[in-house]
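Please keep the model open while reading this note, and check each point against it as you go.

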Amino acid sequence: MTQETLSGSMSTKDSDHSSYSDDLPRIVVLGAGPAGLSASWKLLKGGIKPVIIERSPFAGGLMRGIQHGDFTVDFGRKEIYNRTPEVTAFWEELLRDDFIEYTHRIGLLYQNHLIDYSPEFRGPLRGIPVSLLGSCLAGFLKARLSSLKAAPPKNYEERWYQSWGKPLSMMASQGFSEKFYGVPWKDRPVEFDLRRHDKHKGSKSVGQHLKALQSQIFGNPDANRTWRHPRRSTQQLVDNAVEEIQKLGGIFHFETAVTSLTKGDNGISEVTVKRGDETQVLKVKELVSTIPMLALADLLGLDKISDPIADRNEGRESFFLYLFLNRPALFPQAWLNVSSPDLALGRVVNYGAFGGDMVPEGKGCVCLELFTRKGEGFADRDNDDIAAQLIEEAEGASLINASDIIDRKIIRIAGAEASNEFQTWQDEKVQGLLREFRTYSNLYDANRAGIDVACFAGICAADAVLTGNRERFDREASPELSPQWASSAANTPQP
Ligand SMILES: Cc1cc2nc3c(=O)[nH]c(=O)nc-3n(C[C@H](O)[C@H](O)[C@H](O)COP(=O)(O)OP(=O)(O)OC[C@H]3O[C@@H](n4cnc5c(N)ncnc54)[C@H](O)[C@@H]3O)c2cc1C
């Protein structure tokens, strides 16, 4: 049995640690997650060699994979969204034949029932038992009738209950959503899930309303998309990107952290980095930062912002229990959102259902994800205790047999980064930070929620550096403003 904190299970070749004694201003990329890798790749393709600074001993950021014996799996649940052709082309170039299609069968676990998001597998009822369907329909009709004379909703919970009724809201979303985001629905603003430019669009017709329900709960039926995944996990994207960057002459500085940024007359003038006991100061020409926005604000000496939307991580933890099985998991879905409020389990991933080679033939691997809420009492519990509870819950829901477990691995990290979404960027306080960032003409803040969104921001930042024109970066790579993300977001079932 192995237990470890999130450390690079797959190391990436370290490169040059030479100093920058020539004192020339550099193009610096901070961070080697998806945004940093795509920015570096694009810069190198355009003939610029950036200095890539990464605090960890390996690349990949939150996109990296987990290796365990013959298993190579993603870190938690990873969907690869194909919302921008430019990013998809980048991945196709990196993965070639290893970017494989899979049956995108995903669903919900509610009151021990497995419910598919798509009607493709078990018809329009998607596995919802008749008794539950009856209570959902009754609740829905009651809500529609009551809404004729109801006062406008005061919070997100009221909005859902008024629109769809309580039973349907609970089954489809509430339990999972509250665990994932760590915020009870009654404490969320009414329009929490709407993008800025979707708000105040006026009332919907009944037809639009029903279409919205279907899209909200089961994904957009018009989205005739295929789903693809790297054959050997997202780590394959990372490994191939690193290899390509090094081939093009890019240099990674691993285990090197940025510790401060110096402001000059025209933006950021210097970056101070630390590797072990050694501190170096780099002169900066352009700076692509992919480190979390609040960490960047800190380095710039901006006022700390504290609110639950801007910092979903405060007081929270994410716990990933990988179970390696001597046969496939007992359920067919690639992942399940757990909306039962009585279970601690938040999400369950079944890597064998992604096809590919993440799991050896005949074996199985699931990841039981738990996103703790502030003050919930998990912080003081030890790993074995939490793991035992999660295994009991998964076995109780017939997802696995505990007797099939051959090994396990626990990753426990502070915060709940997985739940970071576009809402973060449309928060008023965050908007204030973004305005501050934009006063630095040579700073491109490209850290984003979503692997594709991060890659797109990295590519746009590199384009801006290459062309000397940052207009596209400022306009299109802003997830809180750009219509392209909004129109495609409905393709993904949003909690
Ligand atoms: C469990 C989980 C599930 C997810 N599921 C999905 C999904 O299904 N689909 C999807 O699209 N996205 C998903 N995401 C989100 C996605 O992984 C991130 O949005 C994406 O990795 C962000 O990319 P980034 O390059 O902007 O930042 P990161 O991936 O966070 O990379 C930033 C890098 O900067 C480095 N760094 C930080 N501080 C410093 C410093 N001071 N000096 C030097 N280096 C520093 C970090 O070590 C890191 O390598 C998930 C995330 C998690 C955690």
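The points below begin with the ligand and then turn to salt bridges.

1. This is a predicted model, and in it 30 residues surround the ligand, the closest being E54, R77, E79, G450 and I451. By class, this shell consists of 16 nonpolar, eight polar and six charged residues.

2. The ligand taken alone exposes 1000 Å², of which the protein buries 93%. Helix 1 (34–45), strand 11 (257–264) and helix 13 (451–467) are the elements that give two or more residues to the shell.

3. The whole structure holds 23 salt bridges, and one of them joins the side chains of R472 and E86, with N and O 2.5 Å apart. Because R472 belongs to helix 14 (residues 471–476) and E86 to helix 2 (residues 85–95), this pair ties together parts that are 386 residues apart in sequence.

4. Another salt bridge pairs D98 with R231, whose closest N and O atoms are 2.7 Å apart, and it links distant parts of the chain, 133 residues apart. Is D98 buried or exposed? D98 counts as buried because its relative accessibility is 18%, under the 20% cut-off, whereas R231, at 23%, counts as partly exposed.

5. The side chains of K154 and E158 also meet in a salt bridge, 3.6 Å from N to O; K154 is exposed at 66% relative accessibility, and E158 is partly exposed at 25%.

Definitions and conventions
Residues numbered from 1 in each chain as written. Predicted model: local features only at pLDDT ≥ 70, side-chain atom pairs only at ≥ 80, totals over all residues. Heavy atoms only, no water. Near = heavy atom within 4 Å. Areas by Shrake-Rupley, 256 points an atom, 1.4 Å probe, with all protein chains shown as cover. Helix = DSSP H or I, 4+ residues; strand = E, 2+ residues; numbered from the N terminus. Nonpolar A, V, L, I, M, F, W, Y, C, P; charged D, E, K, R; others polar. Salt bridge = Lys/Arg side-chain N within 4 Å of Asp/Glu carboxyl O. Buried < 20%, exposed > 50% of the residue type's maximum accessible area, 1.4 Å probe, protein only.
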